[in-house]
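I opened the notebook to look up charged side-chain contacts and ring contacts. The entries follow in the order I checked them.

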Amino acid sequence: MNILITGALGFAGCSISEYLLKNNYNIIGVDKLLFNTSQLSYFNKNKNFIFYKYDLNNYKKIENIFKNHKINTIIHLAAIVGDPASKKNPKLTKQTNLDSSIELF
């Protein structure tokens, strides 16, 4: 089973990815890597993990993932969270958290 996880290297995404990999699922991870890159080398060692450093707002690149992989399930975790980050760039927050989510679904 191929599972697409957006925000795959975020706080929740890392835990879910690790659990699913231990249970022999194939993970296609997408993350913009704004905050955390330390987990990437750990996950890249697993043959069932494919990673794309893509921005969810780049619809063309996200669309190509669906063209190149048979996705069975989506776990959508990519978002800009927290008051400071959201207030710093409300337009980007809306685009990422709402518009890109709608486009993904």
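Predicted model: local features only at pLDDT ≥ 70, side-chain atom pairs only at ≥ 80, totals over all residues.

Entry 1. I started with Asp55 and Lys32, whose side chains meet in a salt bridge at 3.2 Å, N to O. My cut-off for a salt bridge is a side-chain nitrogen of Lys or Arg within 4 Å of a carboxyl oxygen of Asp or Glu. Asp55 sits in the loop between β3 (49-52) and α3 (59-68), and Lys32 in the loop between β2 (26-30) and α2 (40-44), so the pair ties together parts that are 23 residues apart in sequence. I take helices (H or I, at least four residues) and strands (E, at least two) as DSSP runs, numbered from the N terminus.

I then checked accessibility. Asp55 is partly exposed at 24% relative accessibility. Lys32 is partly exposed as well, with a relative accessible area of 31%. The classes are buried under 20% relative accessible area, exposed over 50% and partly exposed in between (1.4 Å probe, protein chains only).

Entry 2. Residues are numbered from 1 along each chain as its sequence is written, and side-chain values use heavy atoms, with hydrogens and water left out.

Entry 3. How many salt bridges does the rule count? I get 4 salt bridges. One of them joins Lys22 to Glu18, with the closest N and O atoms 3.7 Å apart. Lys22 and Glu18 are 4 residues apart in helix α1 (residues 11-22), so about one helical turn separates them. Lys22 is exposed at 61% relative accessibility. Glu18 is partly exposed, at 30% relative accessible area.

Entry 4. I looked up Lys67 and Glu63 next. Their side chains form a salt bridge at 3.3 Å, N to O. Both residues lie in helix α3, 4 residues apart, about one turn of the helix. Is Lys67 buried or exposed? Lys67 counts as exposed, at 57% relative accessibility. Glu63 is partly exposed, with a relative accessible area of 38%.

Entry 5. I turned to the rings. The rule gives 3 aromatic pairs. Tyr52 and Tyr54 form a tilted one, 5.1 Å centre to centre with 35° between the planes. Rings of Phe, Tyr and Trp (its six-membered ring) pair if their centres lie within 6.5 Å; planes under 30 degrees apart are stacked, over 60 edge-to-face, the rest tilted. Tyr52 is buried, at 17% relative accessible area. Ring pairs also link Phe43, Phe49 and Phe51 into a cluster.
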